[in-house]
Amino acid sequence: MIADSVSSAYSVEDRLNADSLAQLLFREAVVEVGERAKGVLPECHGRIEQAVQLLLVSEVQWLPDGSVQVQGPEQEDAIYGMQDTCPCPENAQTPRGWCVHRLAGAIAKRASALVQTQLETLSAPLQPEPL
């Protein structure tokens, strides 16, 4: 009975550590992807900064269909879900349709893929060095 409690406590602690690592890696990846995005879309520099901030304060949620739901920075009650387009009023006025919400979704997807790769690399067994 005690062994089960200790075992489950360690597994909860291990999961919390893994979640914390994933969150840290995600935050770092968001900043990195945001910087790359500024190079690709220099006309969207300010919107990219806003999108990164939305991601860093957890205003973006993944939906079961794979799209992203973004809390709008301009209105607390405005929430936008999108795949390739965004229904927000700002979208029509932005270069190539890259509103803050679409940028946040695109950065989140790229950052998540980067984190997944990093976690897989960290969890891969170490290969012994040849003698």
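A residue is called buried when its relative accessible area is under 20%, exposed when that value is over 50%, and partly exposed in between, as judged with a 1.4 Å probe and protein chains only. The structure described here is a predicted model, in which local features need pLDDT of at least 70 and side-chain atom pairs count only at pLDDT 80 or more, whereas totals for chains, interfaces and linings use all residues. Residues are numbered from 1 along each chain as its sequence is written, and side-chain values use heavy atoms, with hydrogens and water left out.

The protein chain has 131 residues, of which 32% count as buried. Its secondary structure, taken from DSSP runs numbered from the N terminus (helices H or I of at least four residues, strands E of at least two), consists of 3 helices and 3 strands, and these follow the pattern α-α-β-β-β-α along the sequence.

After α2 comes S58, whose phi is positive, near 60°. E59 is placed in the loop between α2 and β1 (60-62) and is partly exposed, with a relative accessible area of 29%; its C-alpha atom lies 8.3 Å from that of Q69, although the two are 10 residues apart in sequence.

The structure holds 5 salt bridges, each defined as a side-chain nitrogen of Lys or Arg within 4 Å of a carboxyl oxygen of Asp or Glu. In one of them, E32 is joined to R36, with the closest N and O atoms 2.8 Å apart; the two residues are 4 residues apart in helix α1 (residues 2-40) and so are separated by about one helical turn. Both ends of this pair are partly exposed, E32 at 39% relative accessibility and R36 at 48%.

A further salt bridge brings together the side chains of K38 and E49, at 2.0 Å from N to O, and this pair links distant parts of the chain, K38 being in helix α1 and E49 in helix α2, 11 residues apart. K38 counts as buried because its relative accessible area is 13%, whereas E49, at 33%, is partly exposed. The side chains of E90 and R47 also meet in a salt bridge, at 2.5 Å from N to O, which links the loop between β3 and α3, where E90 lies, to R47 in helix α2, 43 residues apart. R47 is partly exposed at 23% relative accessibility. Salt bridges that share partners join E35, K38 and E49 into one network.

Most residues other than glycine have a negative phi. L122 is found in helix α3 (residues 100-123) and, at 57% relative accessibility, counts as exposed.
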